[in-house]
Amino acid sequence: MGSVAIIDATLREGRQAPEVTLDAAASLEVARGLAASGVDMIEVGHPSASPAERERVRAVVDAGLGPPVLAHARATARDVEAVADAGADWVGVFLGVNETTRRARVPAAAIEELLARIDAAVRRAKELGLGVRYTVEDASRTTDAELVAAYRRAVDAGADRLCFADSVGALEPSVVASRVAAVRAAFPALPLEVHLHNDRGLALANALAAVDAGASWVSASVLGLGERCGITDTCALMANLAHRGQRVLPPPGTLPALAATVARLAGIPHPRRAPVIGLHAFTHTARLHVLAVARDPNAYAWMPPEALGRVHATAPIREDSAEHDAPPPLAPPAPRG
Ligand code: HCA
Ligand code: CU
C-alpha cells in the first residue's frame with residue numbers, strides 16, 4: 001500500500017470551531033507540534049480576512065518548521081494575492097459550483113461565471129509562484145458533470161492538486177469511495193485530497209474509504225476541530241494509517257502531546273474517551289479485561305499503546321456496578337518488555 005499524505009488544517013478549519021480561538025503565538029506552538037508529528041503540509045488561515053490574520057499566517061511561515069504552508073483563499077485575485085503576501089508556499093482556492101452554492105453561497109452567479117472565477121484565481125496563483133490546491137466546496141452534493149467541469153477548469157489553469165470536500169458531512173464510505181474513484185479516473189495525473197466533515201460521525205471512516213479509492217492526501221485537524229462537528233481527526237487518522245502500513249507514527253508521546261497542546265491553547269477539554277489520545281483510550285475496568293490484559297496486552301487493544309508513548313491503565317471498578325460483584329483490588333497489568 002502506498003503512503004498517504006496528511007495536510008493538517010487545525011490552524012484554518014480548526015479555528016472555525018465554535019468556542020475556539022488560536023492567536024499567532026498559539027498557532028506557532030501548534031504548528032511546532034504538527035511539524036514534530038510529521039504532517040506533510042500545514043494549512044493556516046485565510047490571509048485576506050484581516051491584517052492580523054495575515055500576520056498569523058506569516059508567523060507560521062517565518063518559523064520555517066519544515067512542512068510547506070498552505071493558506072486559504074476564495075476564488076478571487078485579492079484573496080490569492082493576500083496568500084502570496086503572507087509568504088505561504090501553497091494556496092487553497094475553494095469555490096463550489098452546485099445549485100446550493102449558486103443559491104446560498106454566491107447568489108445569482110451562473111455556473112459559467114463560477115468556472116471563470118476558478119480559472120482566473122488559479123492562473124493568478126500560478127503567476128505568483130504558488131502551489132495550488134483547488135477544492136470544490138460541497139462536492140458531495142455536486143453532480144458528476146458539474147464536478148468534472150470545475151476540476152477541468154482548475155487543471156487547465158495549472159492547479160497542482162484537487163480536493164473533494166464533503167463540506168456538510170453528508171456522505172458515507174461507499175459513496176465517498178465511488179465519487180473519489182470517479183474523480184481519480186477523470187484526472188489521473190493529479191493528486192487528489194479529501195476534506196471530510198463529521199456531521200454523521202463518519203469523517204474518519206470516509207477518509208479511509210477515500211484512501212482505498214485512490215485519494216493520496218487527507219485533510220484533518222487535531223481533535224477533529226472545525227465547523228460544527230469538525231472534520232477527520234489528525235491523531236486518529238495517523239494511528240489508523242500506521243495500523244494499515246500507510247504511514248509511520250511519529251516518536252512515542254508526540255501525538256498525545258499534540259492533542260494536549262491544542263486542547264490547552266484552544267481552551268477546550270481534552271476529550272477523555274477519544275480514540276488514540278483520550279485519557280481512557282487504553283483504560284480497562286472490567287475484572288475480566290484487566291486480568292486478560294495482564295496476561296496478553298493485546299487482549300483488549302487494537303494497537304500497542306506504547307507505540308503512542310502510552311500504557312495500559314486500570315480504573316477502579318465501581319462498587320455500585322451491577323456488572324461486577326464486589327471485585328477485589330486489581331493488580332496493574334504486568335509491565336511489558
Ligand atoms: C468551508 C470551506 C471548507 C473548504 C475546504 C477546502 C469546506 O469552511 O466551508 O478548502 O479544502 O469544508 O468545504 O472547509
Ligand atoms: Cu471544511
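The shell around ligand 1 is made up of three nonpolar, six polar and four charged residues. These assignments refer to a predicted model. In total, 13 residues surround the ligand, and the closest of them are Glu13, His72, Thr135, Glu137 and Ser167. With regard to secondary structure, strand S5, which covers residues 131-136, contributes at least two residues to this shell, and strand S6, covering residues 161-166, likewise contributes at least two. The space that ligand 1 takes up is the second largest pocket.

Polar side chains approach oxygen atoms of the ligand at several points. For His72, a side-chain N or O atom is placed 2.6 Å from an oxygen atom of ligand 1. Glu13, which is among the closest residues, has a polar side-chain atom at 2.8 Å from a ligand oxygen atom. In the case of His197, the separation between an N or O atom of the side chain and an oxygen atom of ligand 1 is 3.1 Å. Taken on its own, ligand 1 has 360 Å² of accessible area, of which the protein covers 91%.

The C-alpha trace extends over about 70 × 40 × 35 Å along its principal axes.

Methods:
Residues are numbered from 1 along each chain as its sequence is written. Chains are lettered from A and ligands numbered from 1 in the order in which they are written. This is a predicted model: local features need pLDDT of at least 70, side-chain atom pairs count only at pLDDT 80 or more; totals for chains, interfaces and linings use all residues. Side-chain values use heavy atoms; hydrogens and water are left out. A residue is near a molecule or strand if one of its heavy atoms lies within 4 Å of it. A polar contact is a pair of N or O atoms within 3.5 Å; within protein, one must be able to donate a hydrogen and the other to accept it, and residues adjacent in sequence count only if both atoms are side-chain atoms. Accessible areas come from the Shrake-Rupley method with a 1.4 Å probe; for residues, only the protein chains shown count as cover. On a 1 Å grid over the protein atoms alone, a cavity is a set of points where a 1.4 Å probe fits but cannot get out, and a pocket is an open set with protein on both sides within 12 Å along at least five of seven lines; lining residues have an atom within 4 Å of a point. A molecule sits in a cavity or pocket if more than half of its atoms lie within 2 Å of its grid points. Helices (H or I, at least four residues) and strands (E, at least two) are DSSP runs, numbered from the N terminus. Ala, Val, Leu, Ile, Met, Phe, Trp, Tyr, Cys and Pro count as nonpolar, Asp, Glu, Lys and Arg as charged, and the others, Gly among them, as polar.
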